[in-house]
Amino acid sequence: MSFNTLDDLEPGQRVLVRLDLNSPVEDGTVQDNRRFERHAETVRELAERGDRVVCMAHQGRPGDDDFVSLRQHADILAEHVGRDVRFVPDTYGPEAIEAIDDLDAGEVLLLENVRMCEDELPEADPEEKSKCELVRTLAAEFDAYVNDAYSAAHRKHASLVGFPLVLPSYAGRVMESEYGANTAIASRTFDGQVTMVVGGTKATDVIGVMNALDEKVDRFLLGGIAGELFLRAAGYPVGEDVEGMDLFDDQWEQNADTIRALLEERGDQITLATDLAYEDAEGERAEVLVEDVEEKTQGFLDVGTDTVAAYDDVVRDSEAVFVKGALGLFEDERFSVGTVGVLEAIAETDCFSVVGGGDTSRAIEMYGLSEDDFSHVSIAGGAYIRALTGEPLPAVEVLEAEAN
Ligand SMILES: Nc1ncnc2c1ncn2[C@@H]1O[C@H](COP(=O)(O)OP(=O)(O)O)[C@@H](O)[C@H]1O
Ligand SMILES: O=C(OP(=O)(O)O)[C@H](O)COP(=O)(O)O
(Lines give C-alpha, C1' and ligand atoms only; values in the text may rest on other atoms or scores of the structure.)
(Ligands and ions follow the chains in the order given, each with its own letter.)
Protein backbone atom coordinates (compact mmCIF):
# COMPACT_ATOMS: atom_id res chain seq x y z
CA MET A 1 0.00 0.00 0.00
CA SER A 2 1.58 3.27 -0.99
CA PHE A 3 -0.47 5.76 0.98
CA ASN A 4 -0.09 6.87 4.59
CA THR A 5 -2.45 5.34 7.14
CA LEU A 6 -3.56 6.25 10.65
CA ASP A 7 -0.48 4.41 11.90
CA ASP A 8 1.58 7.27 10.41
CA LEU A 9 -0.50 10.07 11.96
CA GLU A 10 0.69 11.61 15.24
CA PRO A 11 -2.16 11.72 17.82
CA GLY A 12 -3.63 14.86 19.36
CA GLN A 13 -4.23 16.79 16.14
CA ARG A 14 -7.06 18.62 14.42
CA VAL A 15 -8.21 16.11 11.82
CA LEU A 16 -10.66 16.52 8.93
CA VAL A 17 -12.13 13.12 8.00
CA ARG A 18 -14.02 12.40 4.76
CA LEU A 19 -16.55 9.61 5.35
CA ASP A 20 -19.11 8.12 2.97
CA LEU A 21 -22.38 8.12 4.90
CA ASN A 22 -24.52 8.17 1.74
CA SER A 23 -27.54 6.11 2.79
CA PRO A 24 -31.03 5.11 1.74
CA VAL A 25 -33.65 7.68 2.82
CA GLU A 26 -37.19 6.35 3.27
CA ASP A 27 -39.95 8.96 3.72
CA GLY A 28 -37.38 11.47 4.88
CA THR A 29 -35.81 9.09 7.40
CA VAL A 30 -32.17 8.13 6.95
CA GLN A 31 -31.69 4.37 7.21
CA ASP A 32 -28.87 2.96 9.29
CA ASN A 33 -26.53 0.73 7.29
CA ARG A 34 -23.07 -0.81 7.31
CA ARG A 35 -21.38 2.41 6.23
CA PHE A 36 -22.05 3.93 9.69
CA GLU A 37 -20.79 0.84 11.48
CA ARG A 38 -17.60 0.65 9.43
CA HIS A 39 -16.72 4.37 9.50
CA ALA A 40 -17.41 4.49 13.24
CA GLU A 41 -14.24 2.43 13.72
CA THR A 42 -12.09 5.15 12.15
CA VAL A 43 -13.87 7.96 14.00
CA ARG A 44 -13.65 6.15 17.36
CA GLU A 45 -9.96 5.41 16.91
CA LEU A 46 -9.17 9.07 16.21
CA ALA A 47 -11.34 10.36 19.07
CA GLU A 48 -9.86 7.88 21.53
CA ARG A 49 -6.37 9.08 20.60
CA GLY A 50 -7.38 12.61 21.60
CA ASP A 51 -7.78 14.09 18.14
CA ARG A 52 -10.34 16.78 17.41
CA VAL A 53 -12.37 14.93 14.78
CA VAL A 54 -14.37 16.84 12.16
CA CYS A 55 -16.27 14.65 9.72
CA MET A 56 -17.33 15.64 6.24
CA ALA A 57 -19.70 13.58 4.07
CA HIS A 58 -22.40 13.78 1.39
CA GLN A 59 -25.96 12.51 1.03
CA GLY A 60 -27.74 12.07 -2.30
CA ARG A 61 -27.41 14.26 -5.34
CA PRO A 62 -28.89 17.79 -5.70
CA GLY A 63 -32.44 17.56 -7.02
CA ASP A 64 -33.06 14.01 -5.75
CA ASP A 65 -35.40 13.08 -2.89
CA ASP A 66 -32.52 11.68 -0.85
CA PHE A 67 -30.54 14.94 -1.04
CA VAL A 68 -31.05 15.85 2.62
CA SER A 69 -29.20 17.32 5.59
CA LEU A 70 -26.76 15.19 7.60
CA ARG A 71 -28.45 16.02 10.92
CA GLN A 72 -29.87 12.50 11.28
CA HIS A 73 -26.57 10.99 10.19
CA ALA A 74 -24.87 12.57 13.22
CA ASP A 75 -27.22 10.76 15.61
CA ILE A 76 -26.79 7.41 13.85
CA LEU A 77 -23.02 7.82 13.74
CA ALA A 78 -22.97 8.69 17.44
CA GLU A 79 -24.71 5.41 18.29
CA HIS A 80 -22.06 3.43 16.42
CA VAL A 81 -19.09 5.43 17.70
CA GLY A 82 -20.35 5.28 21.28
CA ARG A 83 -19.78 8.98 21.94
CA ASP A 84 -21.46 12.26 21.10
CA VAL A 85 -21.33 13.50 17.52
CA ARG A 86 -22.19 17.19 17.26
CA PHE A 87 -23.76 18.51 14.07
CA VAL A 88 -23.49 21.95 12.48
CA PRO A 89 -25.83 22.93 9.60
CA ASP A 90 -23.00 24.55 7.69
CA THR A 91 -19.94 23.16 5.87
CA TYR A 92 -17.32 25.90 5.67
CA GLY A 93 -19.08 29.18 6.51
CA PRO A 94 -18.68 31.12 9.80
CA GLU A 95 -21.01 28.79 11.74
CA ALA A 96 -18.98 25.74 10.71
CA ILE A 97 -15.67 27.42 11.54
CA GLU A 98 -16.99 28.43 14.98
CA ALA A 99 -18.13 24.86 15.69
CA ILE A 100 -14.74 23.51 14.58
CA ASP A 101 -12.94 26.00 16.86
CA ASP A 102 -15.16 25.02 19.79
CA LEU A 103 -14.13 21.38 19.62
CA ASP A 104 -12.01 19.87 22.41
CA ALA A 105 -9.66 16.91 22.21
CA GLY A 106 -11.59 13.67 21.70
CA GLU A 107 -14.74 15.42 20.48
CA VAL A 108 -16.47 14.71 17.17
CA LEU A 109 -18.34 17.07 14.86
CA LEU A 110 -20.17 16.36 11.59
CA LEU A 111 -20.39 19.16 9.01
CA GLU A 112 -23.43 19.67 6.75
CA ASN A 113 -23.84 17.73 3.47
CA VAL A 114 -20.82 18.82 1.44
CA ARG A 115 -22.81 18.53 -1.82
CA MET A 116 -24.80 21.58 -0.66
CA CYS A 117 -21.67 23.61 -1.50
CA GLU A 118 -21.21 24.70 -5.10
CA ASP A 119 -17.48 23.96 -5.02
CA GLU A 120 -17.92 20.28 -4.29
CA LEU A 121 -19.47 18.64 -7.32
CA PRO A 122 -18.20 19.58 -10.71
CA GLU A 123 -15.58 16.92 -11.36
CA ALA A 124 -12.06 18.27 -11.88
CA ASP A 125 -8.46 17.30 -11.28
CA PRO A 126 -7.01 17.52 -7.75
CA GLU A 127 -4.90 20.54 -8.67
CA GLU A 128 -8.00 22.57 -9.62
CA LYS A 129 -10.11 21.26 -6.73
CA SER A 130 -7.37 22.09 -4.21
CA LYS A 131 -7.72 25.77 -5.12
CA CYS A 132 -11.46 26.14 -4.49
CA GLU A 133 -12.76 28.13 -1.54
CA LEU A 134 -14.22 25.10 0.21
CA VAL A 135 -10.83 23.37 0.35
CA ARG A 136 -8.79 26.48 1.10
CA THR A 137 -11.10 27.62 3.92
CA LEU A 138 -11.36 24.25 5.66
CA ALA A 139 -7.71 23.29 5.19
CA ALA A 140 -6.68 26.31 7.28
CA GLU A 141 -8.49 24.81 10.30
CA PHE A 142 -6.71 21.41 10.30
CA ASP A 143 -3.39 19.67 10.77
CA ALA A 144 -4.31 16.60 8.75
CA TYR A 145 -6.84 15.14 6.30
CA VAL A 146 -8.05 11.55 6.48
CA ASN A 147 -9.93 10.02 3.56
CA ASP A 148 -12.02 7.04 4.66
CA ALA A 149 -14.54 7.27 1.79
CA TYR A 150 -13.38 4.39 -0.41
CA SER A 151 -16.89 4.00 -1.79
CA ALA A 152 -16.83 7.55 -3.20
CA ALA A 153 -13.19 7.39 -4.36
CA HIS A 154 -14.23 7.14 -8.03
CA ARG A 155 -15.51 10.75 -7.94
CA LYS A 156 -13.22 13.74 -8.53
CA HIS A 157 -15.04 15.99 -6.06
CA ALA A 158 -13.43 18.69 -3.91
CA SER A 159 -13.77 16.88 -0.56
CA LEU A 160 -12.27 13.72 -2.08
CA VAL A 161 -9.35 14.91 -4.21
CA GLY A 162 -8.64 18.53 -3.18
CA PHE A 163 -7.25 18.21 0.35
CA PRO A 164 -4.22 15.91 -0.17
CA LEU A 165 -2.51 18.71 -2.10
CA VAL A 166 -2.78 21.14 0.81
CA LEU A 167 -2.71 19.00 4.00
CA PRO A 168 -0.74 15.96 5.17
CA SER A 169 -3.08 13.15 4.16
CA TYR A 170 -3.86 9.64 5.35
CA ALA A 171 -6.16 6.76 4.52
CA GLY A 172 -8.70 5.87 7.22
CA ARG A 173 -9.33 2.27 8.32
CA VAL A 174 -12.20 1.70 5.88
CA MET A 175 -10.19 3.11 2.98
CA GLU A 176 -7.28 0.91 3.96
CA SER A 177 -9.23 -2.33 4.29
CA GLU A 178 -11.54 -1.86 1.28
CA TYR A 179 -8.63 -0.85 -0.93
CA GLY A 180 -6.61 -3.86 0.19
CA ALA A 181 -9.47 -6.33 -0.31
CA ASN A 182 -10.67 -4.97 -3.65
CA THR A 183 -7.19 -4.65 -5.11
CA ALA A 184 -6.39 -8.24 -4.15
CA ILE A 185 -9.63 -9.40 -5.77
CA ALA A 186 -8.86 -7.49 -8.96
CA SER A 187 -5.66 -9.46 -9.47
CA ARG A 188 -7.24 -12.89 -8.85
CA THR A 189 -7.84 -15.27 -11.71
CA PHE A 190 -10.38 -18.10 -11.86
CA ASP A 191 -10.42 -21.34 -13.83
CA GLY A 192 -14.20 -21.66 -14.05
CA GLN A 193 -17.06 -19.36 -15.00
CA VAL A 194 -17.05 -15.85 -13.54
CA THR A 195 -20.48 -14.25 -13.22
CA MET A 196 -21.45 -10.69 -12.40
CA VAL A 197 -24.93 -9.84 -11.14
CA VAL A 198 -25.74 -6.28 -12.15
CA GLY A 199 -28.62 -4.32 -10.62
CA GLY A 200 -29.26 -1.28 -8.44
CA THR A 201 -30.22 2.19 -9.56
CA LYS A 202 -26.90 3.61 -10.79
CA ALA A 203 -26.94 1.91 -14.17
CA THR A 204 -24.52 4.45 -15.64
CA ASP A 205 -21.75 3.41 -13.23
CA VAL A 206 -21.85 -0.20 -14.25
CA ILE A 207 -22.67 0.11 -17.95
CA GLY A 208 -19.68 2.42 -18.29
CA VAL A 209 -17.29 -0.30 -17.14
CA MET A 210 -18.91 -3.42 -18.61
CA ASN A 211 -16.56 -3.32 -21.59
CA ALA A 212 -13.54 -3.14 -19.33
CA LEU A 213 -14.88 -6.08 -17.30
CA ASP A 214 -14.96 -8.24 -20.40
CA GLU A 215 -11.65 -9.92 -19.55
CA LYS A 216 -12.79 -10.67 -16.03
CA VAL A 217 -16.44 -11.64 -16.39
CA ASP A 218 -17.91 -14.45 -18.53
CA ARG A 219 -21.61 -13.92 -17.77
CA PHE A 220 -23.60 -10.84 -16.75
CA LEU A 221 -27.00 -11.40 -15.10
CA LEU A 222 -29.03 -8.22 -15.34
CA GLY A 223 -31.74 -6.78 -13.11
CA GLY A 224 -32.71 -3.49 -11.47
CA ILE A 225 -32.58 -0.34 -13.56
CA ALA A 226 -29.71 -1.50 -15.82
CA GLY A 227 -31.66 -4.68 -16.56
CA GLU A 228 -34.67 -2.76 -17.80
CA LEU A 229 -32.52 -0.44 -19.91
CA PHE A 230 -30.99 -3.47 -21.62
CA LEU A 231 -34.48 -4.88 -22.24
CA ARG A 232 -35.44 -1.55 -23.79
CA ALA A 233 -32.40 -1.72 -26.08
CA ALA A 234 -33.44 -5.25 -27.00
CA GLY A 235 -36.76 -3.81 -28.24
CA TYR A 236 -39.16 -4.36 -25.31
CA PRO A 237 -41.50 -1.53 -24.21
CA VAL A 238 -39.90 -1.17 -20.75
CA GLY A 239 -36.97 0.78 -19.29
CA GLU A 240 -38.63 4.20 -19.29
CA ASP A 241 -39.84 6.54 -16.56
CA VAL A 242 -43.56 6.44 -15.71
CA GLU A 243 -45.52 7.98 -12.82
CA GLY A 244 -43.01 10.74 -11.98
CA MET A 245 -40.02 8.38 -11.80
CA ASP A 246 -36.55 9.69 -12.45
CA LEU A 247 -34.55 6.51 -12.90
CA PHE A 248 -34.57 5.57 -16.57
CA ASP A 249 -34.81 8.33 -19.18
CA ASP A 250 -31.64 10.27 -18.29
CA GLN A 251 -29.64 7.09 -17.93
CA TRP A 252 -31.07 5.85 -21.24
CA GLU A 253 -29.90 9.05 -22.97
CA GLN A 254 -26.43 8.61 -21.53
CA ASN A 255 -26.04 4.90 -22.21
CA ALA A 256 -28.27 3.80 -25.10
CA ASP A 257 -25.43 3.60 -27.63
CA THR A 258 -23.17 1.70 -25.24
CA ILE A 259 -25.95 -0.75 -24.34
CA ARG A 260 -26.76 -1.41 -27.99
CA ALA A 261 -23.08 -1.98 -28.76
CA LEU A 262 -22.72 -4.31 -25.77
CA LEU A 263 -25.75 -6.34 -26.87
CA GLU A 264 -24.42 -6.56 -30.40
CA GLU A 265 -20.83 -7.40 -29.57
CA ARG A 266 -21.25 -9.64 -26.54
CA GLY A 267 -24.94 -10.39 -26.32
CA ASP A 268 -24.11 -14.05 -25.64
CA GLN A 269 -22.49 -13.05 -22.33
CA ILE A 270 -25.46 -10.95 -21.20
CA THR A 271 -28.56 -12.57 -19.69
CA LEU A 272 -31.69 -10.47 -19.33
CA ALA A 273 -34.81 -11.03 -17.24
CA THR A 274 -37.57 -13.02 -18.95
CA ASP A 275 -40.20 -11.92 -16.42
CA LEU A 276 -40.71 -8.93 -14.14
CA ALA A 277 -42.66 -8.27 -10.94
CA TYR A 278 -44.91 -5.33 -10.12
CA GLU A 279 -47.53 -4.31 -7.53
CA ASP A 280 -51.08 -5.15 -8.63
CA ALA A 281 -54.29 -3.25 -7.78
CA GLU A 282 -54.67 -5.25 -4.54
CA GLY A 283 -51.16 -4.34 -3.44
CA GLU A 284 -49.88 -7.86 -4.08
CA ARG A 285 -46.79 -8.91 -6.01
CA ALA A 286 -47.75 -9.89 -9.54
CA GLU A 287 -45.57 -11.01 -12.44
CA VAL A 288 -45.59 -10.67 -16.20
CA LEU A 289 -43.49 -12.26 -18.94
CA VAL A 290 -41.35 -9.62 -20.61
CA GLU A 291 -42.60 -10.75 -24.03
CA ASP A 292 -46.21 -10.15 -22.91
CA VAL A 293 -45.65 -6.51 -21.84
CA GLU A 294 -47.50 -4.23 -24.28
CA GLU A 295 -46.87 -0.94 -22.55
CA LYS A 296 -45.15 0.08 -19.32
CA THR A 297 -47.78 1.76 -17.13
CA GLN A 298 -46.20 1.33 -13.70
CA GLY A 299 -42.84 0.47 -12.15
CA PHE A 300 -41.39 -3.01 -12.30
CA LEU A 301 -39.93 -3.62 -8.89
CA ASP A 302 -38.18 -6.96 -9.15
CA VAL A 303 -37.20 -9.66 -11.61
CA GLY A 304 -39.75 -12.50 -11.84
CA THR A 305 -39.49 -16.03 -10.46
CA ASP A 306 -38.55 -17.65 -13.82
CA THR A 307 -35.65 -15.23 -14.04
CA VAL A 308 -34.58 -15.97 -10.46
CA ALA A 309 -34.58 -19.71 -11.22
CA ALA A 310 -32.44 -19.19 -14.32
CA TYR A 311 -30.01 -16.91 -12.44
CA ASP A 312 -29.86 -19.42 -9.60
CA ASP A 313 -28.64 -22.11 -12.05
CA VAL A 314 -25.95 -19.83 -13.47
CA VAL A 315 -24.71 -18.90 -9.99
CA ARG A 316 -24.47 -22.57 -8.98
CA ASP A 317 -22.34 -23.25 -12.10
CA SER A 318 -19.95 -20.38 -11.33
CA GLU A 319 -16.58 -20.41 -9.71
CA ALA A 320 -16.77 -16.74 -8.82
CA VAL A 321 -19.75 -14.39 -8.50
CA PHE A 322 -19.57 -10.62 -8.18
CA VAL A 323 -22.73 -8.79 -7.18
CA LYS A 324 -23.10 -5.09 -8.00
CA GLY A 325 -26.47 -3.75 -7.02
CA ALA A 326 -29.82 -5.20 -6.04
CA LEU A 327 -32.08 -6.97 -8.59
CA GLY A 328 -35.17 -5.30 -7.18
CA LEU A 329 -36.62 -3.10 -4.46
CA PHE A 330 -35.54 -5.60 -1.80
CA GLU A 331 -36.34 -3.27 1.11
CA ASP A 332 -39.98 -4.25 0.42
CA GLU A 333 -40.19 -7.98 1.13
CA ARG A 334 -42.57 -8.55 -1.79
CA PHE A 335 -39.85 -7.42 -4.17
CA SER A 336 -36.87 -9.05 -2.48
CA VAL A 337 -37.19 -12.36 -4.35
CA GLY A 338 -34.57 -11.64 -7.03
CA THR A 339 -31.93 -10.10 -4.77
CA VAL A 340 -32.36 -12.60 -1.94
CA GLY A 341 -32.67 -15.58 -4.31
CA VAL A 342 -29.32 -14.81 -5.91
CA LEU A 343 -27.66 -14.09 -2.56
CA GLU A 344 -28.98 -17.38 -1.14
CA ALA A 345 -27.66 -19.32 -4.13
CA ILE A 346 -24.24 -17.73 -3.63
CA ALA A 347 -24.30 -18.44 0.11
CA GLU A 348 -25.16 -22.10 -0.48
CA THR A 349 -22.31 -22.74 -2.89
CA ASP A 350 -18.60 -22.45 -2.22
CA CYS A 351 -17.85 -20.08 -5.08
CA PHE A 352 -15.63 -17.05 -4.49
CA SER A 353 -18.05 -14.17 -3.97
CA VAL A 354 -18.05 -10.42 -3.53
CA VAL A 355 -21.19 -8.43 -2.74
CA GLY A 356 -21.13 -4.67 -3.25
CA GLY A 357 -23.49 -1.79 -3.91
CA GLY A 358 -24.17 0.93 -1.39
CA ASP A 359 -27.42 -0.70 -0.32
CA THR A 360 -27.12 -4.31 -1.44
CA SER A 361 -25.06 -5.40 1.53
CA ARG A 362 -28.04 -4.39 3.70
CA ALA A 363 -30.04 -7.24 2.15
CA ILE A 364 -27.67 -9.75 3.75
CA GLU A 365 -28.60 -8.86 7.30
CA MET A 366 -32.21 -7.88 6.51
CA TYR A 367 -32.96 -11.38 5.24
CA GLY A 368 -31.03 -13.38 7.82
CA LEU A 369 -28.09 -14.36 5.61
CA SER A 370 -24.64 -14.63 7.13
CA GLU A 371 -21.79 -12.46 5.97
CA ASP A 372 -19.50 -15.44 6.57
CA ASP A 373 -21.03 -17.15 3.54
CA PHE A 374 -19.52 -14.52 1.23
CA SER A 375 -15.81 -14.01 0.52
CA HIS A 376 -16.04 -10.23 0.79
CA VAL A 377 -18.91 -7.82 1.45
CA SER A 378 -18.01 -4.33 0.29
CA ILE A 379 -19.76 -1.14 1.35
CA ALA A 380 -18.81 0.25 -2.07
CA GLY A 381 -20.65 -0.10 -5.37
CA GLY A 382 -19.28 1.96 -8.24
CA ALA A 383 -15.80 2.15 -6.70
CA TYR A 384 -15.56 -1.60 -6.29
CA ILE A 385 -16.47 -2.48 -9.84
CA ARG A 386 -14.08 0.15 -11.12
CA ALA A 387 -11.37 -1.39 -8.95
CA LEU A 388 -12.13 -4.77 -10.56
CA THR A 389 -11.27 -3.36 -13.97
CA GLY A 390 -7.90 -2.21 -12.62
CA GLU A 391 -8.86 1.40 -13.35
CA PRO A 392 -7.38 3.75 -10.73
CA LEU A 393 -9.64 5.59 -8.31
CA PRO A 394 -8.84 9.34 -8.38
CA ALA A 395 -9.16 9.85 -4.62
CA VAL A 396 -6.82 6.91 -3.94
CA GLU A 397 -4.37 8.06 -6.60
CA VAL A 398 -4.00 11.49 -5.03
CA LEU A 399 -3.48 9.98 -1.56
CA GLU A 400 -0.69 7.87 -3.06
CA ALA A 401 0.81 10.73 -5.05
CA GLU A 402 0.99 12.99 -2.01
CA ALA A 403 2.23 10.32 0.44
CA ASN A 404 5.73 10.76 1.82
N1 LIG B 1 -36.60 -2.23 -10.21
C2 LIG B 1 -36.26 -1.41 -9.23
N3 LIG B 1 -37.05 -0.36 -8.93
C4 LIG B 1 -36.72 0.47 -7.94
N5 LIG B 1 -35.62 0.34 -7.18
C6 LIG B 1 -34.81 -0.68 -7.44
C7 LIG B 1 -35.09 -1.61 -8.47
N8 LIG B 1 -34.08 -2.51 -8.49
C9 LIG B 1 -33.21 -2.17 -7.52
N10 LIG B 1 -33.65 -1.08 -6.87
C11 LIG B 1 -33.04 -0.37 -5.74
O12 LIG B 1 -31.70 -0.09 -6.00
C13 LIG B 1 -31.22 0.38 -4.76
C14 LIG B 1 -29.76 0.62 -4.89
O15 LIG B 1 -29.09 -0.52 -4.98
P16 LIG B 1 -27.53 -0.58 -4.75
O17 LIG B 1 -27.20 -1.97 -4.55
O18 LIG B 1 -27.09 0.40 -3.75
O19 LIG B 1 -26.98 -0.14 -6.11
P20 LIG B 1 -26.44 1.25 -6.55
O21 LIG B 1 -25.03 1.25 -6.03
O22 LIG B 1 -26.55 1.12 -8.01
O23 LIG B 1 -27.27 2.34 -5.96
C24 LIG B 1 -31.73 -0.63 -3.77
O25 LIG B 1 -31.99 -0.01 -2.57
C26 LIG B 1 -33.01 -1.16 -4.46
O27 LIG B 1 -34.18 -0.89 -3.74
O1 LIG C 1 -23.12 5.56 -2.60
C2 LIG C 1 -22.18 5.76 -3.35
O3 LIG C 1 -21.89 4.99 -4.42
P4 LIG C 1 -22.48 3.49 -4.67
O5 LIG C 1 -23.99 3.57 -4.65
O6 LIG C 1 -21.95 3.14 -6.03
O7 LIG C 1 -21.91 2.62 -3.59
C8 LIG C 1 -21.21 6.87 -3.11
O9 LIG C 1 -21.58 7.60 -1.97
C10 LIG C 1 -21.10 7.79 -4.32
O11 LIG C 1 -22.30 8.49 -4.50
P12 LIG C 1 -22.64 9.08 -5.95
O13 LIG C 1 -22.83 7.89 -6.86
O14 LIG C 1 -23.90 9.90 -5.77
O15 LIG C 1 -21.47 9.91 -6.39
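Modeller: Let's start with a group: Asp7, Glu45, Arg173 and Glu176 are joined in a network of salt bridges (a side-chain nitrogen of Lys or Arg within 4 Å of a carboxyl oxygen of Asp or Glu). Bear in mind that this is a predicted model, where local features need pLDDT of at least 70 and side-chain atom pairs count only at pLDDT 80 or more, while totals for chains, interfaces and linings use all residues. Residues are numbered from 1 along each chain as its sequence is written, chains are lettered from A and ligands numbered from 1 in the order they are written, and side-chain values use heavy atoms, with hydrogens and water left out.

Across the whole structure, the search turns up 26 salt bridges. In one of them, Arg38 pairs with Glu178, N to O at 3.2 Å. Arg38 sits in helix 1 (residues 34-48) and Glu178 in helix 7 (residues 173-186), so this bridge ties together parts that are 140 residues apart in sequence. Helices here are DSSP runs of H or I with at least four residues, strands are runs of E with at least two, and both are numbered from the N terminus. Both Arg38 and Glu178 are buried, meaning under 20% relative accessible area, with exposed being over 50% and partly exposed in between (1.4 Å probe, protein chains only).

Now look at Arg155 and Asp205, another salt bridge, with the closest N and O atoms 3.0 Å apart. Arg155 is in the loop between strand 7 (144-147) and helix 6 (158-162), and Asp205 is in helix 8 (residues 203-210), so the pair links parts that are 50 residues apart in sequence. Arg155 and Asp205 are both buried as well.

Then there's Arg285, whose side chain meets that of Glu287 in a salt bridge at 2.9 Å, N to O. Arg285 counts as partly exposed because its relative accessibility is 21%. Glu287, at 31%, is partly exposed too.

Last, the ligand. Ligand 1 has 19 residues around it, and the closest are Phe300, Lys324, Glu331, Asp359 and Thr360 (near means that a heavy atom of the residue lies within 4 Å).
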